[in-house]
Amino acid sequence: MSHASRTAPRICPLCEATCGLTLTIEGTTVTGARGDRDDIFSRGFICPKGASFGGLDADPDRLRVPLVRGEDGELREASWDEAFDRIAARIPALAEAHGPQAVGVVLGNPNVHTMAGSLYPPLLLAALRTRNVFTASTLDQMPKHVSSGLLFGDANAIPVPDLDRTDHLLLIGANPLESNGSLCTAPDFPGRLRALRRRGSTLTVIDPRRTRTARLADRHVAIRPGADALLLAAMAHVLLEEKLTDPGALAEHLEGADELAVALADFTPDAVAAACDVDAATITALARELAAAPTAAVYGRIGSCTVEHGTLASWLVDVLNILTGNLDRPGGALFPLSATARAPRAAAPGKGFALGRWTSRVSGHPEAKGELPTAALAEEIETPGEGRIRALIVLAANPVLSAPDGDRLDAALAGHLDFMVSVDPYLNETSRHADVVLPPPPPSQSAHFDFAFNSFAVHNQVRYTRAPIPLEDGRMDESEIHARLILAVSGMHGAPPSAVDDLAIATAITKVGAPEELADELTGRSGPERRLDLMLRLGPYGLTLERLLAHPHGIDLGPLKPRVPEILRTRSGRIELLPAPIAADLPRLRRALGDRPAPLVLVGRRHLRSNNSWMHNVGSLSGGSNVCTLQIHPDDAARLGLVDGATVRIESAGGGIEAPAEITDTVRSGVVSLPHGWGHSRPGTRMAVAAAHPGANVNQLLDGTLLDPLSGTAVLNAIPVTVTPSP
């Protein structure tokens, strides 16, 4: 039976760019995806991931019904009621017997790509009352949250580069032509950088690899991996020493400028040059060019975050923007204002941001932003004693591949848990250990709003798309899955899922002092839509869901504007240039001036046709450049006797893996590069495409002991390794 073809808009949920798509649909099948030319933000841009929307949506390996572990130890298909009955019988009992810390929660990257993943986890954590929370942030961007919290008093106040208006953009540890951007939501990042070059602006890229982004730059500086904070500190030193600083309108909102100059006195270009392997003249030129530009923005990402001094590097990015007067001004780095943000308040001192309010049980790692290091998850499960994690709830996460020493975590999940729940569309390397797996529906059957990424957008805008395809029989909406999970673990099993949304709405109204009658005015077909309507009404633009639905391609809310001092939440009410935790960590950076690197260090890399581990099962995205190879410079390959394409052995503190060698001069000598998210070779998974091209898990090279101390973020880059021909 043939079905008439139709089209529908859908915001792409597959990376942080949030591009608008136009889906072609026949019956209940997505047969094509192209860029939505009418989308007010992306203007028709699409990348290979967006073009593969239909393939991912219809992946035959996606789970369609819950799985429950039987008495024989095997997972079998079950009804939704049986799955939630099992959870309600086990999680509350374990928490009652052993205390709330006996339940741990792991949140993965895909949560911020769905409405449910943004709205419900805070309610789940409140219901569980556990401090054992682990997320992808401590494998990625937590240093930026911590540095923003210390500087501005709000860990989520992260400035983004004003790409479309800046005269000088300096990127460090970022490759947006392949990552599509991160903590900087910018559809068509490549086009924006090319436009930047066309209007005569300058692009500088600091990266040990000659990436696609670096090839576009006016200046590429091939820094030694892990030395980002040293180079940035030296640039700040030049600005201060040569009196090139001009904070402009920020001057009256700053404190600690004099102390900053003293703290950075030792980080001269000559002092850091050897450790960075960047000559002093180049470092001085970078600082002078930044100061001389009419407007400029410094932007650092995962390459500068997942290193030993990740928080210091993140802090120094903003210090450079502040010293040159480029923070919070057009053409510099500004704070977006999303449609669901709290309405601006009068400038006043706030509560500030604190680190280490509690620590992990085994190794005493301090919390950051309410989270513990994901690298500590295995020891919290396997180490006996009061407070041991006995039950684990994993929401859209695959830490066996994404966290250090996956073998240890794999064994801990298999042998030390009493109960585990996974909310995941796949039976992957982590969810295969669960006692209950709850699969959300495919993206075409889900509504979409970007709560997180609109807060990092380079242009203020708002868009919402309802599910273009009705929910398939037997499936459950992801929001209902989360709501029923909350009810099951909180002693309210059997209550209607709407009770969770009603409580969230009532709490939000009370918190802001709005009239209770506002709840009756909210519109929407579901609890999440009513909650979205409330957030829009209470937000800074006074929007409603009805108005948003009337604009299916989005509403333009204008360019980014200055927001200091209203954005500040520090106890002083000012930007605190040299917070105490930062000052206390600078001696550790000073000691690094004398460090000399291992002969060979490893860095990661991103693929345009991939997003961590969760998109390796899409056939149209596999192969080509999306392969797991060890890139190595020709000089290093010749010295080590390696042949292009031959299998090599890579070893480090956490263990050893094997991968094909790719000899290329796009990586500097002394550095090798292996992509993240691979290693799909464990038994018991149901991901046929990924298993056919498993690759090697780079994180198995790490033992998880090396962390950035301020943020608890695992050091994933600049890892000493040895490489030898495979026997």
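This is a predicted model: local features need pLDDT of at least 70, side-chain atom pairs count only at pLDDT 80 or more; totals for chains, interfaces and linings use all residues.
Trainee: Why is the pair of F152 and F335 called edge-to-face?
Mentor: Rings of Phe, Tyr and Trp (its six-membered ring) pair if their centres lie within 6.5 Å; planes under 30 degrees apart are stacked, over 60 edge-to-face, and the rest tilted. F152 and F335 are 5.2 Å apart centre to centre, with 90 degrees between the planes, so both values meet the edge-to-face criteria. F152 belongs to helix α6 and F335 to the loop between β14 and α16, so the pair ties together parts that are 183 residues apart in sequence. Helices (H or I, at least four residues) and strands (E, at least two) are DSSP runs, numbered from the N terminus. The structure holds four aromatic pairs.

Trainee: Are F152 and F335 buried or exposed?
Mentor: Buried means under 20% relative accessible area, exposed over 50%, and partly exposed in between (1.4 Å probe, protein chains only). F152 has 0% relative accessibility and therefore counts as buried; F335, at 2%, is buried as well.

Trainee: Which class does each of K369 and A396 fall into, by relative accessibility?
Mentor: K369 is partly exposed because its relative accessibility is 28%, while A396, at 18%, counts as buried. Each has a positive phi without being a glycine: about 60 degrees for K369 and near 50 degrees for A396. K369 is found in the loop between β14 (333-334) and α16 (377-382), and A396 in the loop between β15 (391-395) and α17 (399-402).

Trainee: How do you know that D188 caps the N-terminal end of α8?
Mentor: A side-chain oxygen of D188 lies 2.8 Å from the backbone nitrogen of G191. A polar contact is a pair of N or O atoms within 3.5 Å; within protein, one must be able to donate a hydrogen and the other to accept it, and residues adjacent in sequence count only if both atoms are side-chain atoms. Helix α8 (residues 189-198) has buried residues F189, P190, G191, R192, L193 and L196. Their cover includes β9 (168-172), β10 (202-206) and β13 (297-300). After α8 comes G200, with a positive phi near 90 degrees.

Trainee: What joins the side chains of N626 and H607?
Mentor: They form a polar contact of 3.0 Å. A polar atom of the N626 side chain also lies 3.1 Å from the backbone oxygen of R609. N626 sits in the loop between β21 (601-603) and β22 (630-632) and, because its relative accessibility is 3%, counts as buried.

Trainee: Which residues is M535 in contact with, leaving aside its neighbours within four places in sequence?
Mentor: Contact means heavy atoms within 4.5 Å, and M535 has such contacts with L119, A339, T340 and F451. M535 and T340 are 195 residues apart in sequence, yet 5.1 Å apart in space, C-alpha to C-alpha. M535 lies in helix α22 (residues 527-538) and is partly exposed, because its relative accessible area is 27%.

Trainee: Which residues touch the most other members of the largest nonpolar core?
Mentor: A nonpolar core is a set of buried Ala, Val, Leu, Ile, Met, Phe, Trp, Tyr and Cys residues joined through side-chain atoms within 4.5 Å. Of the 65 residues in the largest one, L230, L231, L232, M235, W315 and I575 touch the most other members. Helix α10 gives the most to this core, with ten residues. Beyond four places in sequence, the contacts of W315 include S147, L260 and L586. Apart from this core lies another, of 46 residues, among them I91, F451, V489 and L557.

How values were computed: Residues are numbered from 1 along each chain as its sequence is written. Side-chain values use heavy atoms; hydrogens and water are left out.
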